[in-house]
Amino acid sequence: MTLIIEKDYGTPEKKSDVSVDLEIDGKKITVAQGTSVMRAARMIDVDIPSLCASDCLTSYGSCRLCLVEIDGARGTPASCTTPVAQDMKVTTTSERLDKIRQGIMELYISDHPDQESPLHEMAARVGMRENRYGKEGHNHLTSIIDDSNPYFSFDPSKCILCARCVRACEEVQGTFALTVDGRGFGSKISAGADQSFLASDCVSCGACVQACPTDSLFEKRIADMGKPDHSVITTCAYCGVGCGFKAELKNDQVVRMMPWKDGKANHGHSCVKGRFSWEYAIHPDRILKPMIRDKITDPWQEVSWDQAIEYSASRLKDIQGKYGRKSIGGITSSRCTNEEVFVVQKLIRAAFGNNNVDTCARVCHSPTGYGLRETLGTSAGTQTFDSVMDSDVIVVIGANPTDAHPVFASQMKRRLREGAKLIVIDPRKTGLVKSPHIKADYHLPLTPGTNVAMINAMSHVIMSEGLMDQDYIDQRCDKDAFDKWQKFICDPINSPEKVSEYTGVSADDIRGAARLYAKSAKSAIYYGLGVTEHSQGSTMVIAMANLAMATGNIGFSGVGINPLRGQNNVQGSCDMGSFPHELPGYRPVGDDRVRKIFEDDWGKKLDPEPGYRIPNMFDAAVAGDYKAMYVQGEDVAQSDPNTHHVEAALEALDCLIVQDLFLNETARFAHVFLPGTSFLEKDGTFTNAERRISRVNPVMAPMAGMDEWEITCRIARAMGTDMAYDHPSEIMDEIARLTPTFKNVSFAKLDQKGSIQWPCNDSAPEGTPIMHVDGFVRGKGNFIITEYVPTTERTTRKFPLILTTGRILSQYNVGAQTRRTKNNVWHDKDILDIHPHDAENRGIVDGDMVLIKSRMGETVLEAKVSENMQPGVVYTTFHMPESGTNIVTTENSDWATSCPEYKVTAVDVRLTNHKSDWQENFDEFSSSTRHIAE
Amino acid sequence: MTIIYIPRDTASISMGADDVAIAIAALGADLKEDITIIRNGTWGMTYLEPLVEVDTDQGRVAYGPVTVSDLPSLYEAGFLNGLDHKLCHGLTSEIDYLKNQDRLTFVRAGLIDPLSLSDYIKNDGYKGLENSLKLSKAQIVEEVTLSGLRGRGGAAFPTGIKWNTVRQTEAAQKYICCNADEGDSGTFSDRILMESDPLCLIEGMTIAGLAVGATKGYIYLRSEYPLCKEILTGAIKVARDNNYLGANICGSDKAFDIEIRMGAGSYVCGEETAMLESLEGKRGMVRAKPPLPAHVGLFGAPTVINNVLSLASVPIILAKGGDYYKNFGIGRSRGTIAFQLAGNIKRGGLVEKAFGISLKDLINDFGGGTYSDKAIKAVQVGGPLGAYLGQDNFGLPLDYEAFTEAGAVLGHGGIVVFDETANMRDQALFAFEFCAIESCGKCTPCRIGSIRGAELLKTGTNMQLLQDLCQLMDTSSLCAMGGMTPIPVRSAVKYWPEDFEKSSS
C-alpha cells in the first residue's frame, strides 16, 4: 500500500460542447473550451510549476510561477489564468521562463524560514541556487504562530500569501472566516477581524489546511507523528452525507483523515467531524474486553469472547423458555455497516424467531420511509447530492445543514452564491438564513408543530393561482387521487390567510414563497428532522411530496424531495430490513411470497406477524412482557424521549446486551457488554442520504479482536442457528441475492466503481443517481390528503414556551464520539437558547442556570439569550448525557411510524440555582453502574 | 450689478478662494456695492489661483492670485470695473496660457457655474446627447471609433473598440464604470473636469450607456476628492430632476442613471479590475485577465470602464462629429490630451493640447521653467510609474507611440519637473517605495519585489540584482502596478548612472 497523492490539475474542470486543439511543448492535446493552459498541460503530464493554483479553486494568478510563452502572444502569460485557444502553441520551459521562476522563488525564499518546507522543494525544482537578497531585509520570520485551533496551527512565517486558504474558506467551504488583511508586503492572512482561528468564525473544516501549499497551516498530528506513508480509502461514519476519506497511516497508526477527491458525496471536502474528530476511535474509554454481570448493581466482570457469547445465548434462550418466543428482541444501529445490520435482523428473525427488530431510524426518519413510499413508491430521497447544482430554488425545511450536514451545506451554499433562490422554513434563524453572501429570499419562522399547515398553504396558493404543472400531473399522477386532493387543498381552510393564524407567518410571505417555488424551472426540497419528529411527521412528508408532484418537481436533476439523513447509515439500516414489519428492501413480513424467499435461503420458518417498534418494546418491558434486548450501537437511554420511562423499561429487563464502543448510558442497565468496532476497524458498506453505497475499508484490525458481524453470527450459532460467513462480502452477496434493489451490488463492483446508488439491478446496472425519471416507482404518483391536526402538546399558562431540540456542528448526536475528541473546545455543554423577550420576562441573562420543566420532567441548563429564536420558542441540543434533555421531551409520536415528537414540548423556563434531582443523582448512578471489577 | 467669478475647486480653495469669496461678499455689503458672486469652476491656471474674474462689457477680467489682504488695494484700483492692478491679467480669454490651448474637453471648465444646467446648455452642453438619441447604438460607437479617442487613464486603448465589445456582448444588464480614482502624483485633470464641468462627465456616461445598452453607471471616486463628490452629487441631481438621467432620458424612453461610489484610499483601485472588486464591496485586488471586463465586468456583467476624461471627451465628439475631434493630434494619437504641469515649475496647471507638442515647449512656453529658477534635470511624465526624461529627450513629441518607443509612457498626462538638485537614486527609491506602499499584495513580484528593490537602493550595491529584479517585475507582475515600477527605476539608472555610484543622500 502506498500513500495516495491525488493529481491537482491546477484549475477546475470546464465543461463545453466546443473542443479546442492546441500544442504544448510539441505535444498535441484537445480539451474543452474554457480550460486553462495549465490544466491542459497537466492533463498530458506537462507539470508547470505553481503554488497558488489548485483545481478546487478558481484561478487566481498570484504566484507567477506558472508563466509560459505562447506563440504570437505578448510577454509571458500565466498559464493558470489563460484559457486555451485553437491552434495555440505553448512553451512551458525556456531560459527566459527559468529565469522568471528562479527570480520568483528567490523573492519567496528571501522571506522564508530555513527549515525544511515544500517551498524549498519548489525552489530546488525550478533551479534557484542562491538568495542574493539575504534575509536581513523586511521579513515575517519572527511572526507569532497561532496555535489556538486544537487540530492545526498557523505559522505566518511560512505563508506566501497565495490566499489558497482564504479562497478555500470562501469557495469550497463558504464560511468566509479568513481574509487577507493589510496590503503589499504588510498583507497577512487573518482569521476574522484579526482574531485567533479559534475565536474567529472558522468552522475547522480543514479546507484551508488542505489547500496550503507551504505547510504554513499545519496539522498538529503530523507535527507529533511525522508524515503518513500509506492510505486506505474509506467512508466517514458521522452524518448521512457519507464523505469519502483517505485514512492516512504511518506504520499501523492513523495519522490523519484526508477527504477523498473521488468521493462522490464530498468531492474532496470535509467538515470538522470527519476530518479531525475521529480520535474517539482510539480513546482510552474504549472497552476492549467482553464483560458480563448478573445484576446492574454488580461490578462488570471481564470474560472471554466465548464466555460472553455463551452467557448471552443461554440467558436469551432461558428467557424465551420462560416468557415465550416474543419476549426478546433487538435494535440495529444506523452507525453500523449494512452487513452488520443485516446479520442482526437476521439473528432476530431466524434465531430469535420473531420480528422484534427496530432501528434508531425509528426516532429520526421513519416518517420519510413511510411518506415517500406511499406517495412515490420508494422509501428514499429522490436525488443525488450533485443535483443541487442545477436547482434554481432550494427549499430547506426543518433542517440545519450548516451544522448537521456541513459538507452538503457547502455545496448548497455554492449553488446559492451562484444565484439560486432560497426558502428556509424553520422556527429558528438557522445558519442558512443569513450568512456571508447568503440570504434567504424567504424565511418562514413558523410555530413548531405547524409544518403541515404551512405546506398545505403553499400548495393551496399554487393550486388556487393556477401555478401547478398540469401536464406533469396528468401524465404522471393518479387522476382520482389528484382530484380528491385538489378539492381538499383548495378549501379556504388551507389558505395562507387562515393558516397564518397558527403558523405565525404572514400570508404574504407564504404566498411569496409558494410562488417562488412553483414558478422556477427547478425547485428542490431538502429537509431534516424538523419535518419528521412531529406527531404529523409522516403527514408532512406526504404534504411535501404532494407539493413537489403538483409542480412537476420530481424526476430530473435540480429538483426532488431529499431527506438529510442524520447518521451515516440511516438509509442503509432501513434498507436492510430493520423494521419490525419489513424484510430487507422494504418488503412486508406479512407477505408469504416475500417471506418464502428468505425462508428458503435461510432454512428457517419466519414469523409473519410484525414485531415491536422501539416504543412498544419499552412499553412491553414496563408491562413485564418483554424481557431481553440486544442493542447494537444505539444509546436509547440518552437519545430516546421521556428518559424516565426508558430507564424504567431498561431496568425491567432480565437481560440487556449492549454492543458498543463505550460504556454508554444504556450500558448502565446492561448485563452483557460486547465491545464493538469503530468505522476504522469495519469492513463493509454504508449507504448515505442519496442512496449511495460506499465501501468502508478496514484501516486497522478490530481492537477487541472480533468483527461485529461475527459477534452477531456467533450469538446466532450459540442459539442453534447456522449463520456463518468467511468474509463480509459474502453478507453483501446474500443481501444482493435477496433484495431486488441491490441485485447487482457486490464488494468487487463497489471497489471498482467507488460507490453505487441503489437501485442497482438489471435495469440500472450502474445504479440510479436520480429516482422516478421515467415515472414513479409505484406507477402513478399518489396524492394523499394531508389534513392539519395540531399536536396535543399545547402551551398553557403553566407551560407557556415550546422547547425544540437539535444539534450543533462540533458535536454529534448523543456525543459518544465527539465528546471524546478535542471538539469540546467549541461546545462542552448543552445550552438553552431563549429569545430576549422571554428572557427579560423571566429575568434571565446569558450564563444563568435555568430550570426547564415540562409535563414529563425537568432539567437544568445554562441559558443563552439569542435573537435566532422567535419569542415563545426555546431550543437546546442533546449531546451531553448529564443535560437530561430527553427527561423533558414527551412520548407524543408520529401517528404512522411512532417517530417521537422531539421538536415540540411545552415547557416553563425559570431561574434556578441548583441542578434537577435527576441530574443530582446522575453522577452517582452513572459511576456506580459502570464499575468494572479489578 | 457686478458679477464676480471666484472658483470653487479644490486647488483654489486650498489657496484661499473661499476666504476671498467671503471677504468680497462682505466688502460688497459694507460698501453697498451690488455684487453677485458666482462660484465657477477653475480654468486650470493653478498658478494664478485664487483667480478672481470680474465681468465687464469687454469680457471677464482676471486678477490673481488674490488673497484677502489684496482686496483693499484691488477695490481702490477699481477692480469692480475691471481696471488695472498689479494682479490684473487682462481679459481671461486673452491669457496666453489659456489662449494657446486646444480646449475641447475642458471647453467649459472655468467658464460656467458647474451646477447650472442652463449655463451648460448655453455653452453647447447636451448637444452630443441630443445627437446620440437620434442614432443607433452602432452609429454612436462608430462616431467614437472614428474620432480616434483612446483611453485617457493611461493605457490608451481605443475607446470605440472597447465600447463595441460591450455593445456586442449579450447580457440582461450592462454597466458603465467611470474610473475617477485619480491617484497618480502630480495629476489633477479628472478632478478639475468633475469640479468644473460635472455635467460633461454625466453626459459622456449617458452617451456611453446608450451606445452599449447599459442602464446603470458608477463613478468610482477617490476618497481624497470630497468636494468632487459634493459637486457631482449636485450635478447628478440636477440632471435627474431635468430628465437627463433616469427612466426616461429626454423623453426617449431610454433609461440611464448614475451612482457615486467612494474609494478607500488605495492607489491600485485605479487599476480597472481592482476597481471592479472595490465597487463590488470586496478587497481591492487585481483580477487576472481574461476575462476582460468588457465581457465579464462589474457583478459579472459586461462593463465599459473608462477614465473621466475619456468619457468627458465623448460629448464634443458626438456634438461636433468624430471627424472634428480626429483633426487634432498626430499619428495614432488623435484629439487632445490634458497635461498637468506640476513639481518644480513656475506655472503649474492644466494644459489641454492636441497631441504632438514637444515636452520642451510644454514645460517652457506654458510652464515657464522651474519654480526654483535652476536648470531642469529631469521630467517625469505619466505619473509615479512613468519614466524620468532628461534634456536629451525634451524634443520628444507628446504622442503615445513616440513615448513607448523611448521606453516612456504618457499615462494620464501628469508632468512633474525636477531641477538640478534632484538625486535620481532617491527618485528610483521613491518608485519602489511607492510600489511597496500601494501594492495590493496579490502577486509576488510586486509584493516582495518592491520592498526588496527599495532595500537594494537604500543599502545595496548589487546593480545586477537590481536589473534582474526590474526585469522580473516587468515580465511577471500581474498588473501594471508592479509591471511599470521598473520604468522610472530603469530610466533613472540609464540617464543618470552617476547618481547611483554614490550612496543616496
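Which residues of H4(A) are buried? In this predicted model, the buried residues of H4(A) are A:Arg164, A:Cys165, A:Val166, A:Arg167, A:Ala168, A:Cys169, A:Glu170, A:Glu171, A:Val172 and A:Gln173. Helix H4 of chain A spans residues 164-173, and because 10 of its 10 residues are buried, the helix is largely enclosed by the rest of the structure. The elements against which these buried residues pack are strand S6 (178-181), strand S7 (188-191), helix H5 (207-211), strand S8 (217-219) and helix H12 (406-417) of chain A.

A:Leu161 is located in the loop between strand S5 (152-154) and H4 of chain A, and its phi is near 60°, a positive value in a residue other than glycine. A:Leu161 has 25 C-beta neighbours inside 10 Å and therefore counts as buried. Just after H4(A), a positive phi of about 80° is found at A:Gly174. The loop between H4 and S6 of chain A also contains A:Phe176, a residue other than glycine whose phi is positive and near 60°. Because A:Phe176 has 16 C-beta neighbours inside 10 Å, this residue counts as partly exposed.

The largest nonpolar core comprises 410 residues, of which A:Cys165, A:Ile394, A:Met454, A:Met458, A:Met544, B:Cys177 and B:Cys178 touch the most other members. For A:Met458, when its neighbours within four places in sequence are left aside, the contacts are A:Ile510, A:Ala513, A:Ala514, A:Tyr517 and A:Leu547. In soluble globular proteins, nonpolar side chains tend to be buried together.

The contact between the chains was examined next. Chain A contributes 28 residues and chain B contributes 26 residues. On the side of chain A that touches chain B, helix H2 (residues 95-109) of chain A gives the most, with 5 residues. By residue class, this side of chain A consists of 12 nonpolar, 12 polar and 4 charged residues.

Chain B is divided by the domain assignment into domain 1 (2-99), domain 2 (117-325), domain 3 (330-419) and domain 4 (424-500). Taken over C-alpha atoms, the centres of domain 1 of chain B and domain 4 of chain B are separated by 46 Å. Within chain B, helix H8 (residues 159-168) contains B:Asn164. This residue, B:Asn164, counts as buried because 20 C-beta neighbours lie inside 10 Å. From B:Asn164 to B:Leu429 the separation is 265 residues in sequence and 41 Å in space, C-alpha to C-alpha.

Cis peptide bonds were also identified in chain B. One joins B:Glu49 and B:Pro50, with omega of about -5°; B:Pro50 belongs to the loop between strand S2 (35-38) and strand S3 (52-56) of chain B. Another joins B:Pro290 and B:Pro291, with omega of about 5°. The loop that holds B:Pro291 runs between helix H12 (272-279) and strand S9 (303-307) of chain B.

Key: Residues numbered from 1 in each chain as written. Chains lettered and ligands numbered in written order. Predicted model: local features only at pLDDT ≥ 70, side-chain atom pairs only at ≥ 80, totals over all residues. Domains from an automatic or database assignment. Buried ≥ 20, exposed ≤ 12 C-beta atoms within 10 Å, placed from the backbone. Helix = DSSP H or I, 4+ residues; strand = E, 2+ residues; numbered from the N terminus. Contact = placed C-beta atoms within 7 Å. Nonpolar A, V, L, I, M, F, W, Y, C, P; charged D, E, K, R; others polar. Core = buried A, V, L, I, M, F, W, Y, C linked by C-beta atoms within 7 Å.
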